[in-house]
Each structure stands twice: as structure tokens, then as C-alpha cells.
Amino acid sequence: MSKKRKIQRRQENLDKYIDVMIDTNSRLDLVRLDLYYKQESRNEINLESFSNDLNHLNSNKRSNAIFDNIKGYIIKIEQGDKGYNHLHAHVLLFINGQKSKEQSAVKKAKQIGEYWNSVITKGKGAYHNCNLNKYKQNALGRINYDDHKKIEILKQNVASYLCKGEQSITTPDGSSIKALRRGLMPKKTNKGRPRKAID
């Protein structure tokens, strides 16, 4: 299979995931942040330890209140031009917007970023809150099920970016990890029922 076709299939997969997230939630808050490590700690980090930290973050969703109402996620692991000491992850979270305030996405990104820094990486981590960025075409923050323009921006600008590059990253010893990850595909449980009113 050609590289172009692989990217296209990844895009189709993420588009389907986004569609189901929208179909099963009348209102979502989209949170995006970049996770990495402080400059002075990067030489201590390898691909395995970074993957373990991300897995630890993901598993803690079940036991920490700051992760309440997260309905799904997409994570893309990348490495900078200088190799494994420049590992970072782009994280996109889908949060139930029926149970959050309009501007909560910025706050939620900060909470999770600080949790990454202090708890998961024991002070070695750093993060960037992408919800603070001023994008010309913005798909982050509050999104309603009938906001077709914003949904299209989400697919074409955000999801397509995450689909590019390598699908897996190989370490010097030959082992590899999956670079693109997402949550389980939710089941459509509200098919045929009327949408909740959008305030």
C-alpha cells in the first residue's frame, strides 16, 4: 500500500471516529494540548518511557476527577529533528459539553497539562495549551452537533495534520510503538431520539 493511501485510510478512520463522537454527543468541548519534557530532562527520556508516561496518563482517567466527562481522545506521538530527546505528543480530547461551561476547554487543557507536569512526569514534563492559540480557522473549544463548518475544519485542519508522518516510531534496538492512537469507537445509543436543545 502506498504512503499516500495509508495516510488517506488513517484520515478516513479518524473522520469516522469524529462523526460518531458528534453523533453520540449533541455538544462537545474540544481540548488540544501538546505534551513533552523540559529541556533539561529530555536526555533522560526514551521512546519506551515516553510511551509509558502517556499510558499512565490515559489509565488515570478512570480515577481522577479532572478527567470526568472525557468521551474520547486522539493522540499522535512524534519526534523532532534531533531524535528521541525531542519526543512530543499532540493530544485531542472530546469532552461532554452538556456538563461543562462554555470556556471550560482552556481551563481543562491547563488542568491536564499541569497534571502531566507534576504527577505523571514528576516535574520533568512541559505542555502547550493549544486552546489559547488564535487560529484563523478554529475547531477547538465548544462545538455543537449541527456546526457543520467547524466539524469540517476539525477534520481538514486538525485530524488531517495528525494523520501525516510515520504511523509507528522505531527505536534503535528495533522495537516500535504505535504513533497514532485513539479511544474506542463509541456505540450509537441515541439513534432516533431527539437531540437535546442547544442553549
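Colleague: How many bridges join S1 to strand S4?

Modeller: This is a predicted model, and in it strand S4 covers residues 125–129 and runs antiparallel to S1. The number of bridges that join S1 to S4 is 5.

Colleague: And which residue in S5 is the bridge partner of Leu-30?

Modeller: S1 is also joined to strand S5, residues 141–144, in the antiparallel sense and by 4 bridges. Within S5, the residue that partners Leu-30 is Gly-141.

Colleague: How many of the 11 residues of strand S1 are buried?

Modeller: Strand S1 spans residues 27–37, and a residue counts as buried when its relative accessible area is under 20%. The strand is largely enclosed by the rest of the structure, because the buried residues among its 11 number 10.

Colleague: What is the order of the elements from the N terminus on?

Modeller: The protein has 4 helices and 8 strands, and buried residues make up 48% of its 199 residues. Read from the N terminus on, the elements run α-β-α-β-β-α-β-β-α-β-β-β.

Colleague: Turning to S2, which residue in S8 stands opposite Ile-75?

Modeller: Strand S2, residues 70–80, has 8 of its 11 residues buried, so this strand is largely enclosed by the rest of the structure. S2 pairs with strand S8, residues 180–182, in the antiparallel sense over 3 bridges. In S8, the residue that stands opposite Ile-75 is Arg-181.

Colleague: How much space lies in the largest cavity?

Modeller: The structure holds 1 cavity of 30 Å³ or more. Its lining includes Leu-54, Leu-57, Phe-67, Ile-70, Ile-75 and Leu-93, and the elements that give two or more residues to that lining are helix H2 (47–59), S2 and strand S3 (83–96). By class, the lining has 9 nonpolar, 1 polar and 1 charged residues. The space in this cavity comes to about 110 Å³.

Colleague: What span should helix H1 have at 1.5 Å a residue?

Modeller: Helix H1 covers residues 3–23, and its buried residues include Leu-14, Tyr-17, Ile-18 and Met-21. An α-helix has 3.6 residues a turn, so residues three or four places apart point the same way. The end C-alpha atoms of H1 are 30 Å apart, which agrees with the span that its 21 residues should have at 1.5 Å a residue, namely 30 Å.

Colleague: On which residue is the kink in H4 centred?

Modeller: Helix H4, residues 148–163, reaches 21 Å from its first C-alpha to its last, close to the 22 Å expected for its 16 residues. Its buried residues include Ile-151, Leu-154, Lys-155 and Val-158, and the helix is followed by Gly-165, whose phi is positive, near 80°. The kink in H4 is about 25°, and the residue on which it is centred is Lys-155.

Terms used: Residues are numbered from 1 along each chain as its sequence is written. This is a predicted model: local features need pLDDT of at least 70, side-chain atom pairs count only at pLDDT 80 or more; totals for chains, interfaces and linings use all residues. Side-chain values use heavy atoms; hydrogens and water are left out. Buried means under 20% relative accessible area, exposed over 50%, partly exposed in between (1.4 Å probe, protein chains only). Two strands pair if DSSP finds at least two bridges between them. On a 1 Å grid over the protein atoms alone, a cavity is a set of points where a 1.4 Å probe fits but cannot get out, and a pocket is an open set with protein on both sides within 12 Å along at least five of seven lines; lining residues have an atom within 4 Å of a point. Grid points are joined across faces, edges and corners, and a volume is the space filled by probe spheres set on the points. Ala, Val, Leu, Ile, Met, Phe, Trp, Tyr, Cys and Pro count as nonpolar, Asp, Glu, Lys and Arg as charged, and the others, Gly among them, as polar. The expected span of a helix is 1.5 Å times one less than its number of residues. The bend at a residue is the angle between axes fitted to the seven residues ending there and the seven starting there.
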